[in-house]
Amino acid sequence: MMTKLILYLQYPFVRYALIVGVLIALCSSLLGVTLVLKRFSYIGDGLSHVAFGAVAIASVLNLTNQMLIVLPVTVLCAILLLRTGSNAKIRGDAAIAMISVGALAFGYLLMNIFSTSSNLSGDICSTLFGSTSILTLTKTEVLLCIFLSIAVVIIFILFYNRIFAVTFDENFARAAGINAGLYNLMIAVITAVIIVLAMNLVGSLLISALVIFPALSAMRVFKSFRSVTICSAVLSVFCALAGIVLSILFATPVGSTIVAADAAAFAVCCLAGWIKS
Amino acid sequence: MPLITVSGLSLGYDSNAIVKDLNFTVNEGDYLCVVGENGSGKTTLMKTLLSLQEPLAGKITAGEGLKKNEIGYLPQQTDVQRDFPASVREIVLSGCQGRNGSRPFYSKKDKELAEENMRLLGIEGISGKCYRELSGGQQQRVLLARALCATRRILLLDEPAAGLDPVVTAEMYDLIRDLNKNGVTVIMVSHDMDAALKYASHILHIGDVIFFGTKDEYLNSDAGRWAAV
Ligand SMILES: Nc1ncnc2c1ncn2[C@@H]1O[C@H](COP(=O)(O)OP(=O)(O)OP(=O)(O)O)[C@@H](O)[C@H]1O
Ligand SMILES: [Mg+2]
């Protein structure tokens, strides 16, 4: 088994997959804590479906670099969703559900009408569940991913205290002169970036799992914001590593294996939290 | 010049005025109690004073060099916070953010200030504990310590004794009185008319009748006589 693993590690595409997987897992778990606590768990779901729709548009247009259209569209939708989220007249969850389902249907429709591929349902399945695309990453994609991940981590560390204040009590933060709107916007943009990155890894249906599971697991065991954040980052990276390695060894789908590892970690954390109390 | 001057203020949401033409002043060292029935607009007044929402009409002027972010605020609790993983120290420290400007991290001075305020409110022993596992009275103290980190000049308290038992309520009020004696200006929303009349120097009554004046004036007014019955 070990020799098989070492053999696989010789291939650059396996190393790329590991690097990208770990970085995306790290970023999504950092943000996940805030998103879960702000009751934005579903924004990940909604945005990933928007990204799916954008991928459909990109493939219909035959763009070689899909990022060019997927990233701006998703960021734009993140900002729009956040706008309606803070507007009391249109319920945020309804807006997210609407955009999410709409984009999914629109994307499928587009692909169905314009697709030239003989294996349409296979294509769609791989966009939704990620399947093997993480193993076909190009060097540019890996570099882009590394660059964006580092940016996300630096921003998160620099604004950690502000993010805590805005998440814990937005009114108090605003009263203290913190521009809460700006931070919500920042969180939305970063979320959109991470989701677009993560689509390669787990596909658009399972992204929510990457965002939500580590945070919820950590919250079972730890009680302070800092320890929850650190624990969820560690858990997420570990599960991503384990998931990728297992999926290579046993030839299982990458995305689902990572999510299964996250779910297992959640069960362990629930048990730990239950024993602790 | 007073710390806060409110003139011709109308409050409400979406251009529906809840309270119209409010006029009052708060001087340094005052203890103003805001009383009124449920839904009369007390919380809305607090939010408007904090510029969390726009006044429909009228003006709020801050004097004596008081800056908008020099107001400490104790909100009427929201349940979003109830399951939040956060330690007492983290929450109290977050009160220091307003004075931080664009500095990303807390300085040593901030940390000392947080420790000092936790000592003042007798919660230094539980500083590592999780907020959601504290009793209601302890939670209120934590939020009060956070407000004190934001400022030592003026505190806006929205029902600080809500949900507390009589003993803890009395402690809370004593604590606020001591802070007031040490020069902190207090604006407090309260349903507890006895406490309001016992501790406050000024009363603002909002609702069908609007009244503002000192406690003695209030007791002799129509609104006050009705309330005292
Ligand atoms: N976000 C909102 N949008 C629209 N109307 C609101 C909003 N919040 C409160 N109101 C309305 O404004 C009125 C005043 O509410 P407010 O919360 O200021 O009352 P209050 O005096 O603090 O009451 P309580 O004693 O129950 O705390 C109420 O009639 C309420 O229905
Ligand atoms: Mg209220």
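Between chain A and chain B there are 10 residue pairs in polar contact, both residues being at pLDDT 80 or more; a polar contact here is a pair of N or O atoms within 3.5 Å, where within protein one atom must be able to donate a hydrogen and the other to accept it, and where residues adjacent in sequence count only if both atoms are side-chain atoms. The model is predicted, and local features need pLDDT of at least 70, side-chain atom pairs count only at pLDDT 80 or more, and totals for chains, interfaces and linings use all residues. Residues are numbered from 1 along each chain as its sequence is written, chains are lettered from A and ligands numbered from 1 in the order in which they are written, and side-chain values use heavy atoms, with hydrogens and water left out.

The count of salt bridges between chain A and chain B is two, a salt bridge being a side-chain nitrogen of Lys or Arg within 4 Å of a carboxyl oxygen of Asp or Glu. A:Asp169 forms a salt bridge with B:Arg146, and the closest N and O atoms of this pair are 2.9 Å apart. On the side of chain A that touches chain B, the elements giving two or more residues are α7 (139–158), α8 (160–168), α9 (170–175) and α12 (225–250) of chain A, where helices (H or I, at least four residues) and strands (E, at least two) are DSSP runs numbered from the N terminus. The largest share of that side, seven residues, comes from α8(A).

Taken as a whole, the interface places 27 residues of chain A in contact with 36 residues of chain B, contact meaning heavy atoms within 4.5 Å. The area buried between the two chains is about 2,700 Å², of which carbon and sulfur atoms give 59%; buried area is the accessible area (1.4 Å probe) that two parts lose on being put together, summed over both. In chain A, the residues that lose the most area to chain B are A:Phe168, A:Phe172 and A:Lys223, together 29% of what that side buries.

Chain B also holds a metal site, in which the protein donors of the magnesium ion (ligand 2) are B:Thr43 (OG1) and B:Gln76 (OE1), lying 1.9 to 2.3 Å from the ion. Donors are N, O and S atoms within 2.8 Å of the metal (3.2 Å for Na, K and Ca), and because water is not among the atoms, sites may look incomplete. B:Thr43 lies in helix α1 (residues 42–49) of chain B and B:Gln76 in the loop between β5 (71–74) and α2 (88–94) of chain B, so the pair ties together parts that are 33 residues apart in sequence.
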